[in-house]
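Hi there,

Here is the structure I promised to pass on to you. Have a look at it first, and then read my notes below.

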Amino acid sequence: MPRLFRRAVWLLCISMFSFVCQAARPNLTLFTRYEANSTDNIRSVGVSTFQRLNNSYLGGEGLVSLGYAEVMTKDGVMEDYLAWELAYRMGLYGPAFVYIEAGIDLAELTFREKDEDCCTSESERDDNIDGYIGLGAGFQPNQHLRLETFVRLRQIDSKIWASERHTFAGVQVSLVF
């Protein structure tokens, strides 16, 4: 899965760059988000910029969020951490919309250490950068409010633990300026 995830992120980054070069009038959005599965949950707040191509339903959105996550490990221990995430969405946007998305954990990417400790096993060093891919849909009942639901497949681990579950579902409420 990590190879597929990396390829999806690179494809979305290239698409994001080309889209931003052609888009007109970005909108600023503030949002709050909640996602969970049977044992885990992530609560976030963030900001995004939404752009749509002129005279088109094709749109994209870059998001940055800060959240608090509680995740059950494969060993049955509840771990918690701060999630600082960067994501990009592409989709068809109108009064109702659908999108695909990919995101990475900026904290883990930024503060990642290469551990050269002689006493660390190879399995403990296998700490991939956390991230996700997902699908979402929603509607914008008025000019300043957006409501959406989504499903995500997440990669969550650290040097010493890995999450038990990878699928999350959630809701997001956004104020559009």
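One of the residue pairs you can look up here is Glu148, whose bridge partner in S8 is Gln172. Please keep in mind that this is a predicted model.

S7 also has a partner in strand S6. S6 covers residues 131-142 and S7 covers residues 145-155, and they pair in the antiparallel sense over 10 bridges. To find this pairing on your screen, look for Gly131, which stands opposite Gln155 in S7. The link from S6 to S7 is a hairpin of 2 residues. While you are looking at the strands, here is a handy point: side chains in a regular strand alternate between the two faces of the sheet.

Now step back to the protein chain as a whole. It has 3 helices and 8 strands, and their order along the sequence is α-β-β-β-β-β-α-α-β-β-β.

How much of the chain is buried? Of its 177 residues, 42% count as buried. The accessible surface of the protein chain comes to about 10,000 Å², and carbon and sulfur atoms account for 63% of that surface.

Finally, a word on contacts. If you take those between residues at least 6 apart in sequence, 59% join residues at least 24 apart.

Enjoy exploring, and write back whenever you like!

Best wishes

Terms used. Residues numbered from 1 in each chain as written. Predicted model: local features only at pLDDT ≥ 70, side-chain atom pairs only at ≥ 80, totals over all residues. Heavy atoms only, no water. Helix = DSSP H or I, 4+ residues; strand = E, 2+ residues; numbered from the N terminus. Buried < 20%, exposed > 50% of the residue type's maximum accessible area, 1.4 Å probe, protein only. Contact = heavy atoms within 4.5 Å. Areas by Shrake-Rupley, 256 points an atom, 1.4 Å probe, with all protein chains shown as cover. Pairing = 2+ DSSP bridges.
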